Amino acid sequence: VLGVAVVCVAVPHIFGAWGIIPLTITNFAYLVLRGSVSNHILTELCLCAAVAASAFAAFTGGAKEGTERRMQNTLGECFRKQLAALYLISALHKMNTGFFEIRTSCSSQIIAITTLQLLPEWIAKPILTSSPLLQTAPAGGLFLEILMGLGLLSGSPSVRRGTIVVAQLFHIVLALPLPPSSFYPFSAICSFAFIPLHPEACSNVFHRSKKGLLLAFLLVLWPLLTYRCYGQREKEYPPYSQYPAGVAWIMCLAFINVAAATIYPSNGDMRAGKTPQVQYEKEREEATKREEIHQSSSSSSKDGKSHKTGRQNISKEHLGSSSTPPPPRGRILSAPNVMFALVFMIGLTPYAGMRTYPAFAMFSNLQTEDRSNHWFLPGWRSWNHRPSYLEPVKIVETDLRSLHAFQVDLSPYYPEETLEGLAEIDLEAALWVCPPKWKFRLPEFVPYHIPFFELNKAVVTALDNNKDPFYVKYQRNGQAKTLTRLPSGECTGEEAERLLQPPPFWQRLFFRFRSFDPESNVCRH
C-alpha cells in the first residue's frame, strides 16, 4: 500500500485514473490473504471498497466525458465520509464509564506515555502530576473525535481544512511513542486517506515544497534518535518492525496535508472554497448569462441557424468535459453515503453481538459482553434471548497454544522508564491485544473471559490442524468444566459433543470476539 500511496502523492490525478483500479485489487487481495487481524487493516479494506464504489459511480454516473474527473471527486467524497464515520463511531464507543476511569483509561495512558517519552523527565512528571492533563484526557479525546467527525461532514471548506490540520496532529501523537505503544500503522493509513480530499493542493505541495519535504524527513530524526537511545526492542502488534519508516511516512504526509490545507490554493478541489456541486452550478449560471448576452447581441442577425450554433458552442464550452461533473444530489444511496454507512455499520457490530474486534472499538475501554459499561447502549446480557454462542466462558487453564496466547498484554514490553513513570502517577499499564497467531515466547497465562463461540472455534481449529493432545479448563454459568483431547485423538468432557460441532461457515467468516474481564476496564486494542 505504501507503493500505491507514493505514486498517488507524486501524481495525485491518478485518483481519477483507471490505473488505480488494478493497484487497489492487488492491495485488497494481499490484505485478505496475508493481512493481520487489526483495525488498521479493516480501515484499509474499507478504503479499497471506496475506490471500487467510486469507479462504479463514475462509469454509471453520466456521459463518458468527464468520467475520470467524476471518479476523482467521488473518491474524495467517499474518503471524507469514511473518515468522518470512523471518528464518530470511535467517539460513540468511548461514551462509557471505563473510558473515564483515569487509572485505566486508554486516553490517559496514551497521553501519559507520549508525555513521558517525548519530553524531558523534569518537564514531563510535573505536567502529569500537577496539571489536570490526565483528568481531562478522556473528555478531551472524546470531544476531539466528535469534532473531527463533524468537521469533515461540514459544508464549510474552511472548517474542513481546519479539521485536516487537527487530524494530522492527532495521528502524529498516536504514532510517535515507542513500540509497542506506537499506533503508526493506523496513523499511516488515515493520514494518507486525507490526500484525495484535496489532491490538487497536495500536488502543489509535492512539486513546490521539496525543501519542506526534506525538512519533514529531518524532523523525523528526533523520534528515531530517541528510539535508538532507549534501546527499545520492538514488540509490535502486528509485528511489522517498521516503526522508523512508518513515523517518517506519517510526518511527511502530515506536512503535505497541512501545507495543502493552509498554504497552496487550488481551483480544482475544496481549497478553492467551493464543493464540486456549488462550482458546477456557478459554471452553469455563468454559461447561462453569457448565452443571454450573446443572444441579445445577436438579435439583429437574420441567420437563426448560426445563432443557435453559437448558443450550443457556448454551452458546450462552459458545460463540457472540462467542468466539474456534479455529484448526485439528494441520492441516499450515493457512493459516499454508502461508504459512510459501511464504516458506521461495522462500528455498530459490538452492540449487535457480531464482533468486538476488529470493529473500530480500539482504545475505548468498551464492554458489551457480560455487562455493558456504555452510557446508553445495552449489552448482550440485557437481551431477552441471548444466543448461546455469546454466553461468556472463563478460560481458567489450558495448554492449547491458541487459547494460551489468545490475549497478550504488551505493556511489559514498554521501556523501563515508561513503566516506572506510569507507576509513579498511579496509572495501570495495560495494552491487551488478541493476536490470531502469537509467534513469540508464550506469555504468562492470565485467566480471561471470551464468548463461547471463540472457545468452540479454537477447539475445532485445533482438531483440524494437528493431532497433539491438549486440555482446556473453563467455567460456564459458574460451573467448572474440562475438555481433554487424549493421545488417541478421542475428546472427553462435559460439553465435548457441543464443542466439537463446527460453527457455521458464515459465522466463522464474520464473527470475531476479543477477550474481556467483567471486573475490570483495562485498555484493550
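In the predicted model, a nonpolar patch on the surface is formed by Phe505, Trp506, Leu509 and Phe510, which together have about 500 Å² of accessible area. Tryptophan 506 is placed in helix H21, which covers residues 505–510. With a relative accessibility of 47%, tryptophan 506 counts as partly exposed, because the exposed class begins over 50%.

The chain as a whole contains 21 helices and 7 strands. Of its 525 residues, 53% are buried. The accessible surface of the chain comes to about 24,600 Å², and carbon and sulfur atoms account for 60% of that area. When contacts between residues at least 6 apart in sequence are considered, 76% of them join residues at least 24 apart.

Two residues illustrate the surroundings inside the chain. Once neighbours within four places in sequence are left aside, tyrosine 87 is in contact with Glu145, Met148, Gly149, Leu152, Ala167, Phe170, His171, Cys190 and Phe194. Cysteine 78 lies in helix H4 and is buried, its relative accessible area being 0%. With neighbours within four places again left aside, the contacts of cysteine 78 are Ala50, Ser54, Ala335, Pro336 and Met339.

Helix H18, made up of residues 416–424, has both buried and exposed positions. Its buried residues are Thr418, Gly421 and Leu422. These cover an arc of only 100° around the axis, and therefore lie on the same side of H18. Glu416, Ala423 and Glu424, on the other side of H18, are exposed. Helix H5 is included in what covers the buried residues of H18. Aspartate 426, which follows H18, has a positive phi, near 60°.

The structure holds 11 salt bridges. One of them joins glutamate 145 and lysine 94, with the closest N and O atoms 3.0 Å apart. Because glutamate 145 lies in helix H7 and lysine 94 in the loop between H4 and H5, this pair ties together parts that are 51 residues apart in sequence. Glutamate 145 and lysine 94 are both buried.

A salt bridge is also formed between glutamate 428 and arginine 103, whose closest N and O atoms are 3.2 Å apart. Glutamate 428 sits in the loop between H18 and strand E3 (432–433), while arginine 103 belongs to the loop between H4 and H5; the pair thus links distant parts of the chain, 325 residues apart. Glutamate 428 counts as partly exposed at 27% relative accessibility, and arginine 103 is partly exposed with a relative accessible area of 43%.

In a further salt bridge, between arginine 476 and glutamate 495, the closest N and O atoms are 2.3 Å apart. Here too distant parts of the chain are linked, 19 residues apart: arginine 476 is in strand E5 (residues 470–476), and glutamate 495 is in the loop between strand E7 (491–493) and helix H20 (496–499). Arginine 476 has a relative accessibility of 7% and so counts as buried. Glutamate 495, with a relative accessible area of 11%, is buried as well. Salt bridges also link Glu77, Arg80 and Arg160 in a network.

How values were computed: Residues numbered from 1 in each chain as written. Predicted model: local features only at pLDDT ≥ 70, side-chain atom pairs only at ≥ 80, totals over all residues. Heavy atoms only, no water. Contact = heavy atoms within 4.5 Å. Buried < 20%, exposed > 50% of the residue type's maximum accessible area, 1.4 Å probe, protein only. Helix = DSSP H or I, 4+ residues; strand = E, 2+ residues; numbered from the N terminus. Arc of directions from axis to C-beta. Patch = residues over 30% accessible without salt bridge, like charges linked within 9 Å, V, L, I, M, F, W, Y side chains within 5 Å. Areas by Shrake-Rupley, 256 points an atom, 1.4 Å probe, with all protein chains shown as cover. Salt bridge = Lys/Arg side-chain N within 4 Å of Asp/Glu carboxyl O.
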